[in-house]
Amino acid sequence: MTSLLKVSNLVKKFGGLTATHDVSFTVEKGDSLALIGPNGAGKTTIFSQIMGEVRQTSGTIHLAGQDIGAMPTATRIRHGISRTYQVPRPFSDMTVLENIRVGLMPDSLTQMVFGRIDHDREEALALSVGLAPQDLLKSPSELSMGDLRKLELARTMATNPSVMLLDEVFAGLTVGEIAQISELIQSMRREGMTFLIVSHDLKALEPLVDRAIAINQGQKVAEGSFKEVMDNEAVVASYLGG
Ligand SMILES: Nc1ncnc2c1ncn2[C@@H]1O[C@H](COP(=O)(O)OP(=O)(O)OP(=O)(O)O)[C@@H](O)[C@H]1O
Ligand SMILES: [Mg+2]
């Protein structure tokens, strides 16, 4: 069977620093995989390489059997891969709804030719992530961190992905917001969405994933069920700075 996402022998060097060291893993369709590891382990850099925002030094990235490892980011998004950012990155000169619209129409040529915008869909996406109706015409600068994370999710969903990479999706959220976003991820899972999720909130992460891989100093140190990985000695040591 062809895996939906297959990362093979990924290496990324920043000068003398090896941020990703020969990392390989696969994600099957409908699978949800946790990517855990201490600060600076290399989790975000793996996401950036999968999206093409950072070019790998060596190694390959396949999406549904197709080699996407040299494609520009916009092309990868059109092939069905999308991400959220650890630090939300809205377009600050657009409203909340307009930010989601950019995701709905990633191809500016399509926008010019068809000029057709599905206002219902962008509003439905905004409400589905828990943004309040009265916030939709605001500037992102007026939103709380929790609402900025919801906006990140809505923008990511708008590109109609087949696999979503979520980077620190719970950071800065209240307990209620974590429950709301968890339920949203669960409902997308029930509909068959595929996830790769980075989170330091391991308690919130556990119910959302089937499996986990642990990264330390750019290297994969464990892979298995969430519990197996959390109990792994190398993983425990890495969190303690060992
Ligand atoms: N553009 C860059 N140039 C140089 N070094 C970088 C760059 N991006 C990341 N790094 C380094 O690569 C390593 C991995 O960073 P990365 O952000 O991927 O870690 P992380 O696991 O996401 O950490 P955190 O949990 O703190 O978000 C770190 O040492 C970081 O300083
Ligand atoms: Mg990170």
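The legends below describe close-up views of a predicted model. In this model, local features need pLDDT of at least 70 and side-chain atom pairs count only at pLDDT 80 or more, while totals for chains, interfaces and linings use all residues. Residues are numbered from 1 along each chain as its sequence is written, and chains are lettered from A and ligands numbered from 1 in the order in which they are written.

**View 1. Helix α1 is largely enclosed by the rest of the structure.** Helices (H or I, at least four residues) and strands (E, at least two) are DSSP runs, numbered from the N terminus. A residue is called buried if 20 or more other C-beta atoms lie within 10 Å of its own, exposed if 12 or fewer, and partly exposed in between, with C-beta atoms placed from the backbone. Look for K43, T44, T45, I46, F47, S48, Q49 and I50, the buried residues of α1. Just after the helix, G52 takes a positive phi of about 85°.

**View 2. Which residues surround ligand 1?** They are F14, L17, A19, G37, N39, G40, A41, G42, K43, T44, T45 and Q86. Here a residue is near a molecule if its C-beta atom, placed from the backbone, lies within 6 Å of it. Strand β2 (17–27) and helix α1 are the elements that give two or more residues to this shell. Helix α1 gives the most, with 3 residues. By class, the shell has 4 nonpolar, 7 polar and 1 charged residues. In this scheme Ala, Val, Leu, Ile, Met, Phe, Trp, Tyr, Cys and Pro count as nonpolar, Asp, Glu, Lys and Arg as charged, and the others, Gly among them, as polar.

View 3. The axes of α5 (residues 119–128) and α6 (residues 145–158) come within 9 Å and cross at roughly 140°. Axes are lines fitted to C-alpha atoms, for helices over the stretch in contact, and angles run from 0 to 180 degrees between N-to-C directions. Angles under 35 degrees count as roughly parallel, over 145 as roughly antiparallel, 65 to 115 as roughly perpendicular and the rest as oblique. On the α5 side, E122, L125 and A126 make the contact, and on the α6 side A154, M157 and A158 do. Two residues are in contact if their C-beta atoms, placed from the backbone, lie within 7 Å.

**View 4. Helices α3 and α5 are roughly perpendicular to each other.** The axes of α3 (residues 96–104) and α5 come within 9 Å and cross at roughly 110°. From α3, the contact uses V96, L97, I100, R101 and L104, and from α5 it uses R121, E122, E123, L125 and A126. These residues divide into 6 nonpolar, no polar and 4 charged.

**View 5. D22 sits in strand β2.** Is D22 buried or partly exposed? D22 is partly exposed, because 14 other C-beta atoms lie within 10 Å. Leaving aside neighbours within four places in sequence, D22 is in contact with N9, V11 and Q219. The C-alpha atoms of D22 and S8, 14 residues apart along the chain, are separated by 7.6 Å.

**View 6. A64 and Q217 each lie in a loop between two strands.** A64 lies between β4 (58–63) and β5 (66–67), and it has a positive phi of about 50° although it is not a glycine. Q217 lies between β9 (211–216) and β10 (219–224). Q217 is not a glycine either, yet its phi is positive at about 45°.
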